[in-house]
Number of protein chains: 2
Amino acid sequence: MSDSLDWHGFHHRLVRVGELGFVIDLSTMPLSEQAERELAPSFANAFDEMREIEAGAIGNPDEQRRVGHYWLRSPERAPEPEWRAAIVETRERIQAFAARVHAGEIAPPEGDRFSEVLHIGIGGSALGPQLAVEALSRADDPVRFTWLDNTDPNGFDAAFERLAGRLARTLIVVVSKSGGTPETRNGLEHACARLRALGLEPGPQLVAVTAEGSALERRSHEEGWLERFPMWDWVGGRTSLSSAVGLVPMSLAGHDVDAFLAGAGEMDAATRVADLTLNPAARLALAWHVATSGRGLRDMVIIPYRDRLALLARYLQQLVMESLGKRFDRDGRLVRQGITVYGNKGSTDQHAYIQQLRDGVDNYFVTLIGVLDDGAAAAPLEVEPGITSGDYLLGFLLGTRRALAEDGRQVITLMLPRLDARALGGLVALYERAVGLYASLVRINAYHQPGVEAGKQAAAGVLRLQRALVEAISASTGEALSAQSWAERIGEPQHAVEALWVLEHLAFDERAGIVREGVPGDPAARYRAAD
Amino acid sequence: MSDSLDWHGFHHRLVRVGELGFVIDLSTMPLSEQAERELAPSFANAFDEMREIEAGAIGNPDEQRRVGHYWLRSPERAPEPEWRAAIVETRERIQAFAARVHAGEIAPPEGDRFSEVLHIGIGGSALGPQLAVEALSRADDPVRFTWLDNTDPNGFDAAFERLAGRLARTLIVVVSKSGGTPETRNGLEHACARLRALGLEPGPQLVAVTAEGSALERRSHEEGWLERFPMWDWVGGRTSLSSAVGLVPMSLAGHDVDAFLAGAGEMDAATRVADLTLNPAARLALAWHVATSGRGLRDMVIIPYRDRLALLARYLQQLVMESLGKRFDRDGRLVRQGITVYGNKGSTDQHAYIQQLRDGVDNYFVTLIGVLDDGAAAAPLEVEPGITSGDYLLGFLLGTRRALAEDGRQVITLMLPRLDARALGGLVALYERAVGLYASLVRINAYHQPGVEAGKQAAAGVLRLQRALVEAISASTGEALSAQSWAERIGEPQHAVEALWVLEHLAFDERAGIVREGVPGDPAARYRAAD
């Protein structure tokens with residue numbers, strides 16, 4: 001690829017998003033007029049579908065749900081008048097709540113002000129808030145965030161150690177749409193136990209973000225929680241950043257929620273345009289389709305050159321992989337779709353895996369994301385005469401672009417003028433729309449996640465297995481049997497390997513009175529009730 | 001795949017690492033006796049090569065370097081007597097240094113004790129230390145770590161805000177083998193500027209980890225730094241965790257360096273065995289080869305079910321991708337090798353991308369890593385009768401294993417009894433050896449990184465371009481030209497796109513007196529010297 005062609009290609013192919021000032025450079029992607037022509041009918045259909053979804057069509061037919069994250073930025077577009085009112089009212093209620101927390105009007109029972117937020121949620125209820133709070137944080141944020149996003153007892157302990165001495169001043173936000181997510185429920189139970197150990201009742205420190213009518217909502221009423229904010233069934237977890245899921249933590253962190261929603265709304269307007277040559281999200285979706293042959297044949301590497309965007313790749317990993325990673329298309333044909341996403345931040349990642357991107361297996365396309373504003377002090381430090389750290393950062397981005405493109409590797413460059421709440425809203429909305437359009441191109445439902453259920457069911461099966469093993473061993477008279485034999489005894493011979501690990505886990509702490517005889521993890525080891 | 005077969009396969013295929021107690025379960029990988037037979041000669045050769053490398057052969061012929069990270073755990077195996085002495089002496093010196101820091105004998109000029117460590121390094125000089133410090137951290141660690149691992153001025157500011165009020169009590173460890181890594185140099189310059197702004201001379205707070213004779217070492221002498229520790233040219237960055245690179249931060253964090261090295265040494269002993277059926281690293285390399293067809297055809301997904309191992313996937317991403325992502329094999333044939341690695345932690349990641357792993361494109365094999373020890377309080381909290389958060393965590397691991405394997409997806413399960421310094425050493429050594437053996441199988445040099453240089457050179461070119469643009473515009477008499485025209489003016493028409501972004505970056509802050517006329521990022525915008 002010649003670089004003089006590059007300027008020509010750059011000039012003629014770049015996409016600008018007017019007021020946000022984003023520039024998407026696809027000149028180093030193997031686009032062709034032929035590919036655009038071939039995909040034009042699919043895009044025309046995708047634009048139609050998107051218009052219908054925004055107008056209130058059932059975007060998620062498997063679950064008979066509408067798909068309305070776009071309405072959160074433009075309530076007037078919501079198809080039901082009561083939803084419009086609910087969107088506006090919820091936003092206002094969140095902002096008023098955060099203002100009262102910051103003013104100390106909503107305060108912890110013991111202590112003058114909430115200085116900490118413990119956020120409990122996982123997946124769509126965690127990654128967006130984590131991304132937004134980190135991307136927009138400043139030194140004078142009114143509260144500090146700690147996150148519980150797993151069911152790791154060791155991780156819970158580490159988080160509470162971090163909060164040691166401040167737990168009484170911690171506002172706890174519990175986010176679960178269904179209210180039944182086990183990881184979130186477990187985090188809540190640990191938090192309540194910690195508070196009670198300090199002699200505190202949990203309710204006056206708790207806030208729920210959950211679907212109306214969920215078990216979590218009921219609990220929040222019964223236990224006198226501070227407040228609750230709704231999640232609606234027309235907002236999916238991975239696109240919930242513009243809902244209470246994102247607005248509550250952003251507001252508590254002191255970030256500009258209105259600017260975030262305005263930026264997302266501006267991007268929505270730009271990506272609503274039914275024109276493949278002008279619509280930035282359609283351009284992205286086109287590039288993805290060409291890169292992956294519409295079948296996930298390349299991984300999407302995401303490298304933002306800004307520390308505070310280090311979570312963006314994980315956020316997009318969830319958004320893209322959970323939306324596009326589907327077994328069947330809408331006609332029930334086996335398609336095994338998806339696009340793998342990974343990345344962290346530049347230039348750091350250049351020292352981790354650019355070696356492979358440059359020299360190794362050609363199985364990816366990379367998106368380099370730059371920010372022109374260094375966000376640094378008024379008089380930036382020169383590390384060499386005339387050169388700043390920010391010049392190096394941009395130099396590494398452009399140098400990587402050059403080195404990869406010269407070798408024919410596939411590169412998308414996305415430049416933002418600055419990284420603020422408005423830009424973050426625009427960035428999120430850009431990818432939300434690109435994913436929606438891409439799903440239309442490959443004819444899948446982007447808004448369900450049937451494959452997640454299989455693992456959850458299997459996990460529930462493992463817990464049932466554990467209960468049955470404990471019961472059988474407790475009821476035995478000291479018999480020492482192998483994991484395989486115990487699995488047979490409880491009628492689950494097909495789950496003997498799982499039985500072995502469950503028994504090893506229990507025996508590690510002699511929990512439920514179970515002990516091991518023999519070598520740990522050895523299939524021949526035997527387990528019995530302790531004497 | 002039938003689960004009763006599963007127990008049989010598990011029983012007959014599992015690999016145990018004796019005293020460390022690791023168990024590797026490959027029963028849900030498509031291994032076959034035929035594949036083992038076919039690869040047996042390659043493995044025999046790989047074992048030979050590994051023995052020669054450990055005996056001091058030139059493992060990295062391109063750079064004419066020996067490869068000695070194994071000697072760091074077994075100094076008596078180092079081929080040169082003076083290296084043996086240097087390994088032992090360095091380790092002792094590091095531990096004595098850390099003990100004196102903890103005791104307050106090495107103390108900040110103003111203040112009684114170093115309470116913070118600022119670690120400046122990138123890539124191989126950062127990921128290992130970050131992984132180890134985080135994986136082993138406890139509530140009573142004697143110091144708290146902050147990391148500079150990029151050249152982002154905004155990220156630098158955020159780190160120093162975090163250290164506000166404590167910078168005078170911060171020990172600063174600067175890690176760069178060559179001493180010339182720009183990101184690290186820039187971080188150092190920012191740190192020195194911050195200290196000087198407080199009226200402090202940097203030297204008495206600085207420690208260098210660098211190659212003997214490097215520019216950084218010279219500087220450390222000239223400026224009276226506290227201490228310096230060596231990096232040797234026979235230790236590569238991505239395998240440097242057992243060298244001063246890892247031992248200095250681990251010792252300062254109060255972690256058990258001797259146990260770490262002992263665990264790695266135990267794994268070295270187990271993986272030195274020249275027997276494909278017994279050697280755990282060889283079993284892993286075999287599974288990788290079968291999964292990827294020896295050509296990187298599947299991604300390696302790494303999901304440890306433990307919050308404090310969340311960096312493991314990024315550590316392995318660097319280790320695997322930088323080692324295996326090679327353009328040419330040892331005979332100079334174009335091979336474009338590599339294996340893509342990504343992941344974060346379970347069960348969190350189940351809510352991000354298990355949907356795609358379960359249902360979507362079949363382009364991966366996954367390694368699930370479990371820890372039997374919950375590392376929790378003596379009386380673990382039951383979130384349901386008889387069930388703890390840790391039971392859920394194991395349940396999600398085993399449930400995911402079941403759900404994926406039932407669908408024919410490729411799963412490796414690695415179970416550790418506990419996660420302590422010794423286990424972490426074993427884990428790191430296991431993957432180091434597996435990568436080394438795999439590189440032999442596919443006949444590449446695992447120990448160089450020629451592709452990284454291209455990006456660095458290109459970045460240096462961008463900085464030269466910036467200097468030339470600033471000079472040309474400063475020398476002009478207010479001419480307003482497009483980026484393309486300025487690029488032509490300085491004789492770099494082929495770098496017009498880069499010129500545009502360099503000029504936009506400068507114009508954003510009106511730096512070097514450069515202003516823009518027109519729309520930001522528009523190819524038609526014009527740049528000139530400010531009036």
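# A tour of the two chains

Start in chain B and select R16(B): its bridge partner is V23(B), in β2(B). Strands here are DSSP runs (E, at least two residues), as helices are (H or I, at least four), numbered from the N terminus. This is a predicted model, where local features need pLDDT of at least 70 and side-chain atom pairs pLDDT 80 or more, while totals for chains, interfaces and linings use all residues. Residues count from 1 along each chain as written, chains are lettered from A and ligands numbered from 1 in written order, and side-chain values use heavy atoms, without hydrogens or water.

**Stop 1**

Now show β1(B) and β2(B), residues 22–25. They pair antiparallel over three bridges; pairing takes at least two bridges found by DSSP.

**Stop 2: a buried helix**

Stay in chain B and select residues 496–508. This is helix α17, 13 residues long. From first C-alpha to last it reaches 18 Å, close to the 18 Å expected at 1.5 Å a residue (1.5 Å times one less than the residue count). How many of its residues are buried? The count is 12 of the 13, so the rest of the structure largely encloses α17(B). Buried means under 20% relative accessible area, exposed over 50%, and partly exposed in between (1.4 Å probe, protein chains only). Among the buried residues are W501(B), E504(B) and H505(B). Just past the helix, click E510(B): its phi is positive, about 50 degrees.

**Stop 3: the parallel sheet of chain A**

Switch to chain A. Five strands form an open, parallel sheet in the order β4-β3-β5-β6-β7 (chain A). At the edges stand β4 (144–148) and β7 (227–231) of chain A, each with a single partner strand, so one side of each has no neighbour in the sheet. Select β6, residues 206–211 of chain A. Five bridges join β6 to β7(A), in parallel. Pick A208(A): opposite stands R228(A) in β7(A).

**Stop 4: domains and a strand with two partners**

Colour chain A by its domain assignment, from an automatic or database source: domain 1 (2–62 + 264–448), domain 2 (70–255) and domain 3 (451–529). The C-alpha centres of domains 1 and 3 of chain A are 47 Å apart.

Next, select β16 of chain A, residues 526–529. With β14 (481–482) of chain A, β16 pairs antiparallel over two bridges. With β15 (514–517) of chain A, β16(A) pairs antiparallel over four bridges. Click Y527(A). Opposite Y527(A) stand L481(A) and R516(A).

**Stop 5: where the chains meet**

Go to L393(A), in helix α13 (389–406) of chain A. Buried or exposed? L393(A) is buried, at 4% relative accessible area. Leaving out neighbours within four places in sequence, its contacts include Y305(A), R306(A), N150(B), T151(B) and D152(B); contact means heavy atoms within 4.5 Å.

Finish with both chains shown. A rotation of 180 degrees with 0.0 Å of shift along its axis superposes chain A on chain B (RMSD 0.0 Å), by least squares on C-alpha atoms with pLDDT of at least 70 in both. The two copies are thus related as by a two-fold rotation axis. Select Y342(A): its C-alpha is the nearest to the axis in chain A, at 3.1 Å. The same surface serves both copies, as 100% of the contact residues of chain A recur in chain B.
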